[in-house]
Amino acid sequence: MRCRVSDTSGDAILAALMPVVDGLAATFGPSCEVVLHDYRLGDRSVVAVAGQVTGRRVGGALSEIGLSVLAKGDDAPNDLNYLSRGPDGRVLKSSTMPLRDGNGQVFGALCVNIDVTALRDAADVLSALAGTAPVELPATTFTNDFEEVVDAVVRTEQLARGKPFDALTRTERLGLVQALDRRGVFKMRNAVPRVAERLGVSRSGLYADLAACRDTAPDGP
C-alpha cells in the first residue's frame with residue numbers, strides 16, 4: 001500500500017492563524033473565546049486559546065464537537081452558529097471550521113464560542129410571554145481532560161438505552177459501540193482502553209465488538 005507523502009502545510013496554516021485567534025477574541029470582547037486545535041496531537045489538541053468562556057487552555061482536549069469532526073473525516077463541513085449548553089449552564093453560540101492541509105486532509109479546527117446566556121434568558125422570557133416553550137439545547141463537555149469527554153459520550157449513549165452495558169443484548173451492545181464509533185470516539189489514540197474501563201469490559205471484547213460493527217456497517221453515509 002502506498003503511503004501518502006507527508007504534508008507540512010498544516011504547520012504553516014496554524015502559524016498563520018495564531019494572530020487571528022487573538023484578533024477575533026479582541027474584536028468580539030470578553031464574551032468571546034477562540035480556540036485553535038491541531039488534531040494531530042490527539043487528545044491534547046488545543047494549541048492556542050484567546051478569551052475565557054469554556055476555561056480551555058493550551059494542551060487541553062477537544063470536545064464532542066471535535067470528535068464529530070474527526071468522525072466525518074476529510075468531508076467534515078463548517079458547522080456555523082450552532083447553540084449548545086456548557087457544563088456550567090451557560091448558553092454558547094459556536095462555530096467550528098475544520099482546517100485542511102495541502103493534501104486536503106482535515107488536521108485541525110478553528111472554533112469560536114460566544115457566551116449568549118443573557119440573550120438566551122431574554123429570549124426564554126419572551127417565549128414564556130408568547131406561550132411557547134423554550135428549545136432544549138444539547139449539552140457539550142468543554143474540558144481540558146479528554147477522559148471527561150469520553151465519560152460524557154459513553155454516559156449519554158448508556159442513558160439512551162436505559163441499562164448498563166453488561167445487561168444489554170448482543171444486538172444492543174453492538175448498537176452502543178457503533179454509536180460511539182459514529183461519534184468519533186475511536187478515532188482517538190488509546191480510546192479503546194478508556195472506553196472498555198468505563199463500560200466494565202475487557203479490551204479484547206471491545207475490540208471484537210468494534211470489529212463486528214465495522215464489518216457489518218453499510219457503505220456510505
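Throughout these exercises, buried means under 20% relative accessible area, exposed over 50%, and partly exposed in between, with a 1.4 Å probe and protein chains only. The structure is a predicted model, in which local features need pLDDT of at least 70 and side-chain atom pairs count only at pLDDT 80 or more, while totals for chains, interfaces and linings use all residues. Residues are numbered from 1 along each chain as its sequence is written, and side-chain values use heavy atoms, with hydrogens and water left out.

**Exercise 1. Describe the overall make-up of the chain.**

Helices (H or I, at least four residues) and strands (E, at least two) are taken as DSSP runs, numbered from the N terminus. On that basis the chain has seven helices and five strands, and along the sequence they follow the pattern α-β-β-α-β-β-β-α-α-α-α-α. Of the 221 residues in the chain, 43% are buried. Contact means heavy atoms within 4.5 Å; among the contacts with a separation of 6 or more, 53% join residues 24 or more positions apart.

**Exercise 2. Work out whether the length of helix 4 agrees with its number of residues, and state which of its residues are buried.**

The expected span of a helix is 1.5 Å times one less than its number of residues. Helix 4 (residues 146-161) has 16 residues and should therefore span 22 Å, and its end C-alpha atoms are 23 Å apart, which agrees. Its buried residues are F146, V149, V150, A152, V153, V154, E157 and Q158. The elements that cover these buried residues include helix 2 (64-72), helix 5 (170-182) and helix 6. After helix 4 comes G162, with a positive phi near 75 degrees.

**Exercise 3. Characterise the packing of helix 6 against helix 7.**

Two packed helices are described by the angle between their axes and the distance between the axes. Here axes are lines fitted to C-alpha atoms, for helices over the stretch in contact, and angles run from 0 to 180 degrees between N-to-C directions. The axes of helix 6 (residues 191-199) and helix 7 (residues 203-216) come within 9 Å and cross at roughly 110 degrees. Helix 6 is therefore roughly perpendicular to helix 7, given that angles under 35 degrees count as roughly parallel, over 145 as roughly antiparallel, 65 to 115 as roughly perpendicular and the rest as oblique. From helix 6, V192, P193, V195, A196 and L199 meet R203, L206, Y207 and L210 of helix 7. The residues of this contact divide into eight nonpolar, no polar and one charged, where Ala, Val, Leu, Ile, Met, Phe, Trp, Tyr, Cys and Pro count as nonpolar, Asp, Glu, Lys and Arg as charged, and the others, Gly among them, as polar.
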